[in-house]
Amino acid sequence: MRYLPLTPSDRQAMLGVIGAKSIDDLFADVPAEARLDGPIHGLPNHASEMAVELHFSNLARQNMTASHTPFFLGAGAYKHHVPASVDHIIQRGEFLTAYTPYQPEIAQGTLQMLFEFQTQVARLFGCDVANASMYDGSTACWEAIGMAGRITKRTKSVLSSGLHPHYVSVAKTMAQYTGDTLDTALPELSPVTDRARLLDAIDGETSCVVVQYPDILGRIEDLSAFAAKAHEHGALLIAVVTEPVALGAIKAPGDMGADIVVGEGQSLGVGLQFGGPYVGLFACKEKFVRQMPGRLCGETVDAEGKRGFVLTLSTREQHIRREKATSNICTNSGLCALAFSIHLTLLGEKGLRGLAELNHGLAVQAADRLSQIAGVELVNDTFFNEFTLKLPKEARPVVRALADRKVLGGVSLGRLYPDADALANGLVVAVAEVATMEDVETFAAALQEVLA
């Protein structure tokens, strides 16, 4: 494709067809004071395609990339090794160009992939049924809260202090317009979660209790007690999973009584991608399926008895009466869902368990090594591949100093909770299979130097 696809004669021909003398005529309705009177200040004139590529490549080299430095960031977005097969398959034209499966007779491949994806998510989460994906984990979390309200006819939701603050922020934004009441709290730098607070807050007015598993500090809580107390009062338990690889090692939320399980699927098959696009996961008990947002693909047989796939449920206002719609979520993250499904298929159950075991083992070694540094305290009693350290000084400048030493050494709680002084010294560290023990030693040496 040419860098500048239109010649002056091309433009004049197009202007002639629409009866305009110049391109400026197209902007006649824009007030003169709002229009540019010349080139944009500081922006260079046009250059060749090769020159532009070279310029931006040089700019990109100034970035510190996740692939070329010891990397220990997490807090909801994780760097795992994605097999080359994933990228190869998702770029096949049949998948890459297929937008939405409205015509099932010509979208069988897309529908079958989504059906397999749903099956994988349902099994991973320990639920009866899953949808064909959501936009991301945070919006899936809010949709679950809204779904619980429709089911229980209540508007009070109790959110764990261990729920990712970005997820809480999305829920608060949406609750402004729905009238929902959110009972929230800040986490503490402690191995003890706010289990007691959550259990005490569940009453006859509660719609749902929302618990992240593992939580923002990496702590892992048995969800059974929350499910029992919620069900006793006619409420639902919503579990949020931001690291699905953890479910290769720990019990599925649905197996502990969770009614709705949502989360972020980015860590399987989907790169970090500067924050997106990601893929939201959403599953629930079968009895709640008609209140589930998004779309759901089902398996059937055609007139000749052959196996086929259809869009079974799509409960939004485009397909049904507006007042009956469960959500305005209008599509699914098809390509990212495909990447998730391919990666999980390549792993298989045995591979996922092995990957989880590798992640946990490396994280244990890293936690032991880093907590040996003077003044550094390991907060967690339990964790999967992510844990929290309490530093002897504020964590945000420490993270900056580590980056200056070419180490991406975790996410400071001060960044996630800028107004919570009690959390300022907290550092969340994630250790996946892409990290080596050499990386851990480099991290430890740099941290010791910064804290000295």
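User: Helices (H or I, at least four residues) and strands (E, at least two) are DSSP runs, numbered from the N terminus. In which loop does V30 lie?

Analyst: This is a predicted model, where local features need pLDDT of at least 70, side-chain atom pairs count only at pLDDT 80 or more, and totals for chains, interfaces and linings use all residues. Residues are numbered from 1 along each chain as its sequence is written, and side-chain values use heavy atoms, without hydrogens and water. V30 sits in the loop between α1 (8-18) and α2 (49-60).

User: Which strands stand at the edges of the 7-strand sheet?

Analyst: Strands pair if DSSP finds at least two bridges between them. The open, mixed sheet runs β1-β7-β6-β5-β4-β2-β3. One side of each edge strand lacks a neighbour in the sheet, because each has a single partner; these strands are β1 (129-130) and β3 (181-183).

User: Which residue stands opposite K156?

Analyst: β2 (residues 156-159) and β4 (residues 206-212) pair in the parallel sense over 4 bridges. K156 faces a β4 residue, T206.

User: How far apart in sequence are the parts tied together by R197 and D183?

Analyst: A salt bridge has a Lys or Arg side-chain nitrogen within 4 Å of an Asp or Glu carboxyl oxygen. The side chains of R197 and D183 meet in one at 3.1 Å, N to O. R197 lies in α8 (residues 195-201) and D183 in β3, so the parts joined are apart by 14 residues.

User: Which residues are linked in a network of salt bridges?

Analyst: R307 and E299 form a salt bridge at 2.6 Å, N to O. R307 is partly exposed at 49% relative accessible area, and E299 is partly exposed at 43%. The network links E116, E299 and R307.

User: What is the phi of G305 in the β8-β9 turn?

Analyst: β8 (residues 295-301) and β9 (residues 307-314) pair in the antiparallel sense over 7 bridges. G298 stands opposite V310 in β9. The two strands form a hairpin with 5 residues between them, and G305 in the turn has a positive phi of about 85 degrees.

Key:
Buried < 20%, exposed > 50% of the residue type's maximum accessible area, 1.4 Å probe, protein only.
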